[in-house]
Every structure is written in structure tokens, then in C-alpha cells.
Amino acid sequence: MGTNQHYITRLEKKGVKPTAVRILVFRALEEAQLPVSLLDLENLLETVDKSTIFRTLNAFLAHHLIHAIEDGSGSLKYEVCSNEDTCSIDDMHTHFYCERCHRTFCFHGIHVPIVHLPEGFNMQSINYMIKGICKECSYKMKMNE
């Protein structure tokens with residue numbers, strides 16, 4: 001139980017009841033180190049069914065424990081918010097989608113550009129995605145030339 005205390009504390013701080021499944025899903029999201037899709041989580045958590053993972057992700061989203069990223073692959077990717085209090089604009093860093101290996105990378109050091117919206121518009125989230133070929137795939141392509 002001691003090894004789960006970090007996850008339990010984070011969930012409780014956000015008002016999420018720390019059930020065994022929620023702890024498993026949250027741990028998988030934190031340990032992934034890359035944004036993951038519902039399918040990725042299904043493969044990582046073979047003992048948990050898809051609908052339970054989906055409901056858990058929605059609960060995490062509703063409590064601002066995680067945020068979702070649209071990377072153009074056709075499925076949402078999920079990532080734990082870096083700030084323990086709330087998902088903020090600081091969590092909305094640049095993401096890179098590799099068109100070859102289909103992984104999504106976080107560039108925490110590259111913040112999204114500041115967008116000045118017209119009066120009356122309030123930003124809730126922003127999605128800044130760069131698409132191309134990742135470093136690893138570029139290297140593999142060069143080796144095959």
C-alpha cells in the first residue's frame with residue numbers, strides 16, 4: 001500500500017475516490033512518460049476492460065487530473081497534468097506527432113504561442129501539435145539509405 005500512497009494522495013486531492021482500478025490507470029498514465037491513448041492503456045492494463053478505463057479517464061478529465069490531446073491520429077491521447085492543483089495553460093505545451101511510428105512526444109520546454117482572443121472569448125484549453133518524423137525514426141531512415 002505504501003507504494004501507492006503517491007497515487008492515492010493525488011487522486012484524493014482532486015476529489016477522486018482512489019479505487020484499485022483508478023490507482024492502476026493513474027499509475028499507468030504517470031509511468032508512460034508519453035501521452036497514451038485508450039488503446040495503449042488497454043494494452044498496458046490487460047485485466048481492466050475498455051469501458052472501465054474510458055469511464056476512469058472521463059472522471060480524471062472532469063476533475064482536472066489529466067488533459068486530453070488531439071494529435072490527428074484519430075484517437076485522443078491522455079497525459080497527467082504537471083501541476084498538482086489544476087491543469088493550467090502551462091500544461092498546454094507543444095506536442096510532436098511522429099507520422100512514422102505514431103507516437104506523441106511532449107516538449108515541455110516549448111510553450112504554445114500566446115493567443116490574444118477577441119473580447120468575450122475565454123480560452124479553456126489549447127492544442128499545439130507539430131507533425132513530422134521523430135529523432136529515432138529519422139535515424140532509422142538514415143541507416144536504411
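At 1.5 Å a residue, the 13 residues of helix 4 (residues 50–62) should span 18 Å, and the end C-alpha atoms are 18 Å apart, which agrees. The expected span is 1.5 Å times one less than the number of residues; helices (H or I, at least four residues) and strands (E, at least two) are DSSP runs numbered from the N terminus.

The model is predicted: local features need pLDDT of at least 70, side-chain atom pairs count only at pLDDT 80 or more, and totals for chains, interfaces and linings use all residues. Residues are numbered from 1 along each chain as its sequence is written, and side-chain values use heavy atoms, with hydrogens and water left out.

**Exercise 1.** Determine which residues of helix 4 are buried and what covers them.

*Solution.* 
1. Buried means under 20% relative accessible area, exposed over 50%, and partly exposed in between (1.4 Å probe, protein chains only).
2. Under this rule Thr-52, Ile-53, Thr-56, Leu-57, Ala-59 and Phe-60 are the buried residues of helix 4.
3. These residues cover an arc of only 160° around the axis, which puts them on the same side of helix 4. The arc is that of the directions from the helix axis to the C-beta atoms.
4. An α-helix has 3.6 residues a turn, so residues three or four places apart point the same way.
5. Arg-55 and Ala-62, on the other side of helix 4, are exposed.
6. The cover over the buried residues includes helix 1 (5–13), helix 2 (20–32), helix 3 (38–44), strand 2 (66–70) and strand 3 (76–80), where contact means heavy atoms within 4.5 Å.

**Exercise 2.** Find the salt bridges and state which residues form one network.

*Solution.* 
1. A salt bridge is a side-chain nitrogen of Lys or Arg within 4 Å of a carboxyl oxygen of Asp or Glu; the count by this rule is 3.
2. Arg-10 and Glu-30 form one of them, at 3.3 Å from N to O. This pair links distant parts of the chain, with Arg-10 in helix 1 and Glu-30 in helix 2, 20 residues apart.
3. Arg-10 counts as buried at 6% relative accessibility, whereas Glu-30, at 26%, counts as partly exposed.
4. Glu-136 and Arg-103 meet in a salt bridge of 3.4 Å, N to O. Glu-136 lies in helix 5 (residues 135–143) and Arg-103 in the loop between strand 4 (93–98) and strand 5, so the pair ties together parts 33 residues apart in sequence.
5. Lys-140 also forms a salt bridge with Glu-136, the closest N and O atoms being 3.4 Å apart. Both residues lie in helix 5, 4 residues apart, about one turn of the helix.
6. Through shared partners, Arg-103, Glu-136 and Lys-140 are joined into one network.
7. Glu-136 is partly exposed at 41%, as are Arg-103 at 28% and Lys-140 at 43%.

**Exercise 3.** Locate His-64 and His-102 and describe their phi values.

*Solution.* 
1. Most residues other than glycine have a negative phi.
2. His-64, which follows helix 4, has a positive phi near 60°. His-64 is found in the loop between helix 4 and strand 2 and counts as partly exposed at 43% relative accessibility.
3. His-102 has a positive phi of about 65° although it is not a glycine. The loop between strand 4 and strand 5 holds His-102, which counts as partly exposed at 47% relative accessibility.
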